[in-house]
Amino acid sequence: MGIKNDNTSMRDFLNKIFSIDTKNASRVIIYILGIKIRFLKAEYKNKINEYKSLECPIGELPKAEGMLRKIQLASLKFLLIVDKICKENEIQYWSDFGNLLGAVRHGGFIPWDDDCDICMLRDHYDNFIMLFEKNPEKYPDIYIEFDNNGKNRCFVKIKHRQVKGISIDVFPFDYYYKKTNEQEKLELTDEIRKYNSRLGVKFCPFYINSTKMVRKRITKFTKEFLNKNQPVNKEIEPSIFSGVDFPQRNINLVFDYETYFPLQQIDFEGVQITVPKDIHKVLTQEFGNYMELPEDCYPRHVVFGAFDEKILDDFLADFNVR
């Protein structure tokens, strides 16, 4: 056993000295002396050029086709299953990020998007985790995993046992201890970014493989550093911010409570999904001018080889959305 562990440790060490990773969905990643260099794969460069060459308003771009479209629809069906579970257990969530943007700009999925993202306030997030940890047999086809890199990322992914490859990312939001003005939002966003940046390693000098320990560290940092050990009074509806469980790249990470709540319903691929109250403000704070074609207009998450097309077809056989 000791030899095996020693060999694994040595292999991990050598991989950090020099290695090439081609398993990433869209990029080839080269590690040299601990430095990560990423190159976009050629087929994705071609896809970007294809979208840029289309002479039509961004909201009129054609829907995805083929395998990507099947993955999108399977993700949507999975989202509706998760929606039912949340309603059964009084867990509140909303669709955000690419799904929210797609709903407004395209009436459904962004043509090159390939997954679903949902958000929950921390109490509901913790209850959702507990639901699957304490009653794993209640929903036999569904389980959760933590995406934990041992450093600055530890959030929940919801997965399906039969339809391997599809997943839903769940991002928590935390309450701040008070309402904030625009300057305070910028300052708090900056503090969150520092924590999650590469320079933020000073808060976590070693990799922590234990999800429990990483979550404990995140809770401690949020309470002591961001909220300054101040009590959080939810009754005053203070500001909320994107949890440090994942290093979000959006423009702003801090929002007024009333920007999000009460939640509302919006059409997405012909079904209703739950989204924040002030959609325009959320999207502007997250993306800036969200009606512009972005540079990263290619599928970023899915490894297409991970999917069995027949299983996808069987999963979608009784799904009316096309």
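Predicted model: local features only at pLDDT ≥ 70, side-chain atom pairs only at ≥ 80, totals over all residues.
**Conventions.** I number residues from 1 along each chain as its sequence is written, and side-chain values use heavy atoms, with hydrogens and water left out. Local features need pLDDT of at least 70 and side-chain atom pairs count only at pLDDT 80 or more, while totals for chains, interfaces and linings use all residues. Helices (H or I, at least four residues) and strands (E, at least two) are DSSP runs, numbered from the N terminus.

**Helix packing.** I looked up helix 6 (residues 182–196) against helix 7 (residues 211–226): the angle is about 145 degrees, and the axes are 12 Å apart. Axes are lines fitted to C-alpha atoms, for helices over the stretch in contact, and angles run from 0 to 180 degrees between N-to-C directions. In contact (heavy atoms within 4.5 Å) are L188, E191, I192 and Y195 of helix 6 with R217, I218, F221, F225 and L226 of helix 7.

**Surface patch.** I found a nonpolar patch made of I17, F18, I20, I32, L33, I35, I37 and F39, together exposing about 760 Å² of accessible area. Patch members have over 30% relative accessible area and no salt bridge; nonpolar side chains (Val, Leu, Ile, Met, Phe, Trp, Tyr) are joined within 5 Å, like charges within 9 Å. Areas come from the Shrake-Rupley method with a 1.4 Å probe, and for residues only the protein chains shown count as cover. Strand 1 (18–21) and strand 3 (35–40) each supply at least two patch residues; strand 3 gives the most, with three. F18 lies in strand 1.

**Backbone.** I noted a cis peptide bond between F261 and P262, with omega about 0 degrees. P262 sits in the loop between helix 8 (257–260) and strand 11 (264–268). K228 has a positive phi, near 50 degrees, and belongs to the loop between helix 7 and strand 9 (240–242).

**Salt bridges.** My search of the whole structure gave 23 salt bridges (a side-chain nitrogen of Lys or Arg within 4 Å of a carboxyl oxygen of Asp or Glu). One joins R215 and D126 at 3.1 Å, N to O. R215 is in helix 7 and D126 in helix 5 (residues 122–134), 89 residues apart.
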